[in-house]
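These are my notebook entries on one protein chain. I set down each item in the order in which I looked it up.

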Amino acid sequence: MEPREEGQWIAAAQGGDDLAFARLVEHYAKPVHNLCYRMLGNLADAEDAAQETFLKAYQKLKSYDPLRPFPTWLLSIGAHHCIDQLRRRRFQLISLEALHRRPAGRESQPERLAEHAREQARLQAELAKLGPYERAAIVMHYWYDLSYQEIGAALGLSVSAVKSRMHRARRDLAARAETERQASGREPTGVTTA
């Protein structure tokens, strides 16, 4: 979508044009759903959270600042909703960049798909131990390539707080991966502190 076209849809939606808002929903449905899935770890919960995100965005649309990137604004609504959900249920699952990686080669190779699924499950279990804000920061940085400034604005944190949470989360993930690797003799799962 061209920025000009997006701006026109946003302005029209702010003016009450439901078709324009539907176009925005259609365009951003996948990124919002992916964010919710990575934060909540469950497809059904992610679908509910994505719907809630768009409902909240619709309700807050008149207060949207056009000087702020719309995707960042929308993803921040989704991240905050997911953080609230995680706090309520205290059941913490998420994915990270490594969870999205497809196995090398063709998808029809069952051994590679099975190994990829095992790697995802291991990493998912480790990521479940991160706090909701750390999880949100990791997903926004690695999956959506947001800067620390953008993450801070989205989560209501200072840049130094984002850096601190990212460092702590990467350090904890790397330490647990190393402990698991030493215990099992396997290669690391791709989590690094860099």
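Predicted model: local features only at pLDDT ≥ 70, side-chain atom pairs only at ≥ 80, totals over all residues.

Residues are numbered from 1 along each chain as its sequence is written, and side-chain values use heavy atoms, with hydrogens and water left out.

**Entry 1: the whole chain.** I found 9 helices and 0 strands; these are DSSP runs (helices H or I, at least four residues; strands E, at least two), numbered from the N terminus. Of the 194 residues in the chain, 40% are buried. I took contact to mean heavy atoms within 4.5 Å. Among contacts between residues at least 6 apart in sequence, 62% join residues at least 24 apart.

**Entry 2: helix H1.** Which residues of H1 are buried? I listed Glu6, Trp9, Ile10 and Ala13. They lie on the same side of H1, because they cover an arc of only 100° around the axis, the arc being that of the directions from the helix axis to the C-beta atoms. I then checked the length of H1 (residues 3-14): at 1.5 Å a residue its 12 residues should span 16 Å, and the end C-alpha atoms are 16 Å apart, which agrees. The expected span is 1.5 Å times one less than the number of residues. After H1 comes Gly16, with a positive phi near 105°.

**Entry 3: Thr72.** I located Thr72 in helix H4 (residues 70-89). Its relative accessibility is 6%, so Thr72 counts as buried. Neighbours within four places in sequence aside, Thr72 is in contact with Leu146, Glu150 and Ala154.

**Entry 4: Asp145.** I placed Asp145 in the loop between helix H7 (132-143) and H8. Is Asp145 buried or exposed? At 63% relative accessibility, Asp145 counts as exposed. Its phi is positive, near 55°, although the residue is not glycine.

**Entry 5: H8 and H9.** Helix H8 (residues 148-155) packs against helix H9 (residues 159-184) at an angle of about 105°, with the axes 8 Å apart. The two helices are therefore roughly perpendicular, a term for angles of 65 to 115 degrees. From H8, Tyr148, Gln149, Ile151 and Gly152 meet Val159, Val162, Lys163, Met166 and Arg170 of H9.

Technical notes
Buried < 20%, exposed > 50% of the residue type's maximum accessible area, 1.4 Å probe, protein only. Axes fitted to C-alpha atoms, helices over the stretch in contact; angles between N-to-C directions. Parallel < 35°, antiparallel > 145°, perpendicular 65-115°, else oblique.
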